[in-house]
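Visitor: I am new to this structure and would like to learn how to read it. Could you take me through its features one at a time?

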Amino acid sequence: MNAPAKLPRWAELGLLPLVNLAAALLLSGVIVKVLGESPWAALKLLASGSLGSEENIGYTLYYATNFMFTGLAVAVAYHAGLFNIGGEGQAYVGGLGVGLVALWLGGRAPFLVVLPVAILGGAVFGAAWAFIPAWLQARRGSHIVITTIMFNFIGSALMTYLLVNVLIKPGQQSPETREFGATAFMPAASDLLAKAGIDFSPSPLNLAFVVALGAGALVWVLVWRTRWGYALRVAGQNQAAAVYAGISPPRIIVQSMLLSGALAGCLALNELMGSQHRILIDFPGGAGFVGIAVALMGRNHPAGIFLSAVLFGALAQGGSQLSFDMPKINRDMVVVIQGLVILFCGALENVMRAPLAAVFARLAGRREAEG
Amino acid sequence: MENYTLVVLTLAATIRVATPLVLAAIAGMFSERAGVIALGLEGMMLGAAFAAAAVSAVSGSAWLGLGAGMAASVALALLIGFATVTHRGNQVIAAMAINIMIAGLGPTLGLAWFGLGGQTPQLEGAGQRFTALAWPGVEAARAHPFPGLLYAELLSGQNLIVYLAALLVPLSAWVLYRTRFGLRLRAVGENPLAVDTAGISVTGLRYQALAICGALAGVAGTYLSTAASAGFSRDMTAGKGYLALAALIFGKWKPYPTLGACLLFAFTDAVAAQLQGRSLPFVGVVPVQFIIALPYVLTVLLLAGFVGKAVAPAAIGVPYSKEK
């Protein structure tokens with residue numbers, strides 16, 4: 001085997017993910033064909049279902065908001081050399097923090113007070129759920145992939161217990177809390193835009209989208225523009241070098257996982273305060289795992305994560321349209337595509353790199369020969 | 001007497017729940033001892049569950065279903081091998097990709113092929129499922145509950161795959177510790193460079209380990225859809241692949257302790273089912289969710305080194321490259 005193939009920076013960051021994405025979509029098309037539907041028609045339905053109307057765009061960006069939070073969570077841990085598979089559990093338990101604040105302050109305090117406290121609640125609860133696996137990795141060397149998976153299950157059991165036995169609205173069967181007070185509702189995008197004089201069809205898209213963009217900016221500043229972010233990236237790439245530079249890897253592990261968990265914990269701002277307006281069973285609905293795909297596809301950079309979150313949001317929204325119009329396809333096809341994207345952009349990323357690098361080497365050689 | 005029956009029935013339930021866990025955990029053991037993280041067990045089992053139920057429904061033969069389940073699972077294991085062994089991709093990412101893809105692919109194919117909302121048809125015909133085998137004299141044994149009931153409910157009355165799983169543990173222990181292949185397998189998970197230096201192919205060994213892992217996980221998945229239930233349903237593994245991985249870690253990557261961990265986890269599951277909604281003396285109602293979470297909590301405690309110490313194979317998760 002040759003040494004890892006080198007690509008120009010723009011190709012590494014832009015072209016390679018696109019080639020891998022194309023491969024994943026191509027294989028998805030083959031599967032659609034096998035199912036007996038036309039891949040081309042399916043693609044058109046996906047596009048129109050996700051971007052064809054203001055309402056569809058609103059849904060796409062609403063789903064994208066969830067994926068931005070979980071994608072950023074995976075990315076921050078990744079830069080510290082950690083694989084946080086616990087985004088699902090952290091988002092779930094973080095939702096408890098958001099929900100408790102919303103239940104407590106909703107209707108009692110104005111929205112501008114509820115919002116920061118709810119962000120704090122989600123961040124603290126999400127970070128708390130990431131803390132134990134982080135601490136165990138840092139101090140006792142427990143493999144964080146395994147412990148975060150275990151904490152997904154433990155978190156799920158805990159939340160089921162709380163919703164069934166403690167937080168359930170008295171006198172109803174389904175394990176849900178009462179509805180939040182009205183001041184704990186995230187303002188809908190259509191209402192906000194109407195105030196600015198812009199007409200936008202109603203959809204679940206809400207202010208949490210802006211919070212997610214802010215979180216992306218915050219991550220960019222923290223990871224690439226601060227001393228702490230530098231320490232984080234050094235510790236993630238070379239622990240020995242980090243120790244030599246006076247950086248404490250265990251401390252970085254815990255701090256980065258706290259930030260990661262806090263980001264995942266903010267998912268409920270969108271899902272609960274923005275749309276459901278109550279805490280309910282399994283509301284993250286796999287968004288924590290989609291975050292892995294989003295981060296991989298977006299090369300763990302906030303800008304890339306934004307783009308890939310919108311892509312996955314479009315898949316999630318377009319998938320419902322697809323299942324509506326094509327009787328042989330259901331929304332699970334979107335999950336297949338997500339899996340294929342993780343496979344091609346993550347696990348098989350080296351497969352495409354070598355041939356691409358060969359092409360670039362040949363081009364460079366030709367240019368030299370000409371010049 | 002009533003309590004005795006309850007205990008026997010709980011133990012019988014334990015065996016039924018433990019079977020797929022044992023198969024999957026031993027499958028994972030071959031993969032992890034060779035240095036490849038076995039996170040993909042969930043996807044392999046789910047894929048096998050679908051393939052087995054679909055083929056059994058169409059062909060009318062549980063055995064063909066078993067073959068299809070194992071083939072599907074082996075194919076997924078080899079795909080993980082292609083990504084992580086041949087192309088040195090990240091093992092965690094490859095496994096998660098498989099798990100997510102299969103979670104969607106089963107219901108997708110199920111809907112397209114059978115039009116039943118993502119399920120496979122109910123397996124009702126003779127020979128479409130692995131059903132309980134009755135041993136001789138079961139009815140006579142029931143007349144003398146002690147020890148007859150133990151014989152009737154625990155030894156007899158299980159399906160073929162259960163006995164297979166029971167045999168698998170000593171067999172895998174023998175392969176792992178008493179054969180040349182087992183020695184090399186363990187070596188490749190601890191120090192692949194040494195194996196390579198001895199002129200043995202690291203890649204070949206890891207592919208063999210993954211194939212075994214896939215085959216056994218395939219049996220586990222087949223058990224779920226053609227023995228424990230009558231057909232495939234969405235997400236029917238429900239985290240059993242991860243639970244098997246936890247059992248493997250709790251068993252410190254060794255066959256017999258892993259069997260013990262599987263039985264312990266299955267027992268907590270059986271007890272949770274029994275305790276649902278019941279009130280115990282002195283304790284009151286025990287929340288079922290706490291018992292369900294117990295295996296995961298125990299595994300975390302073990303990984304933390306608070307109850308014993310689990311030491312993973314040294315080279316696990318590290319792609320092997322000759323240059324380094």
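Guide: Gladly, and please keep in mind throughout that this is a predicted model. We can begin with a nonpolar patch, to which α5 (111-140) of chain A and α13 (288-303) of chain B each supply at least two residues.

Visitor: Which residues form the nonpolar patch on the surface?

Guide: The patch is made up of A:F131, A:I132, A:W135 and A:L258 from one chain, together with B:V297, B:L301 and B:F306 from the other, and these residues have about 550 Å² of accessible area together. The largest share, 3 residues, comes from α5(A).

Visitor: Where is A:L258 placed, and is A:L258 buried, partly exposed or exposed?

Guide: A:L258 lies in helix α11 of chain A, which covers residues 249-265. Buried means under 20% relative accessible area and exposed means over 50%, so A:L258, with a relative accessible area of 30%, is partly exposed.

Visitor: How does B:P192 count on that scale?

Guide: B:P192 counts as buried because its relative accessibility is 10%, and its place is in helix α9 of chain B, residues 192-197. Leaving aside residues up to four places away in sequence, B:P192 touches B:A187, B:V202, B:R206, B:A315 and B:Y320.

Visitor: What separates the C-alpha atoms of B:P192 and B:S321?

Guide: Although B:P192 and B:S321 are 129 residues apart along the chain, their C-alpha atoms are separated by 9.4 Å.

Visitor: How is the size of an interface often given?

Guide: The size of an interface is often given as the accessible area lost when the parts come together. In this model, chain A and chain B bury about 3,900 Å² between them, and 78% of that area is on carbon and sulfur atoms. Counted by residues, 43 of chain A are in contact with 45 of chain B.

Visitor: How many salt bridges does the rule find across the interface of chain A and chain B, and which side chains meet there?

Guide: The rule finds 1 salt bridge across this interface, in which the side chains of B:R234 and A:D332 meet at 2.6 Å, N to O. Across the interface of chain A and chain B there are also 6 residue pairs in polar contact, with both residues at pLDDT 80 or more.

Visitor: Which helix gives the most to the side of chain A that touches chain B?

Guide: The helices that each supply at least two residues to that side are α5, α6 (144-166), α13 (287-297), α15 (332-347) and α16 (349-370) of chain A, and α6(A) gives the most, with 12 residues.

Conventions
Residues are numbered from 1 along each chain as its sequence is written. Chains are lettered from A and ligands numbered from 1 in the order in which they are written. This is a predicted model: local features need pLDDT of at least 70, side-chain atom pairs count only at pLDDT 80 or more; totals for chains, interfaces and linings use all residues. Side-chain values use heavy atoms; hydrogens and water are left out. Patches are made of residues with over 30% relative accessible area and no salt bridge: like charges are joined within 9 Å, nonpolar side chains (Val, Leu, Ile, Met, Phe, Trp, Tyr) within 5 Å. Accessible areas come from the Shrake-Rupley method with a 1.4 Å probe; for residues, only the protein chains shown count as cover. A salt bridge is a side-chain nitrogen of Lys or Arg within 4 Å of a carboxyl oxygen of Asp or Glu. Helices (H or I, at least four residues) and strands (E, at least two) are DSSP runs, numbered from the N terminus. Buried means under 20% relative accessible area, exposed over 50%, partly exposed in between (1.4 Å probe, protein chains only). Contact means heavy atoms within 4.5 Å. Buried area is the accessible area (1.4 Å probe) that two parts lose on being put together, summed over both. A polar contact is a pair of N or O atoms within 3.5 Å; within protein, one must be able to donate a hydrogen and the other to accept it, and residues adjacent in sequence count only if both atoms are side-chain atoms.
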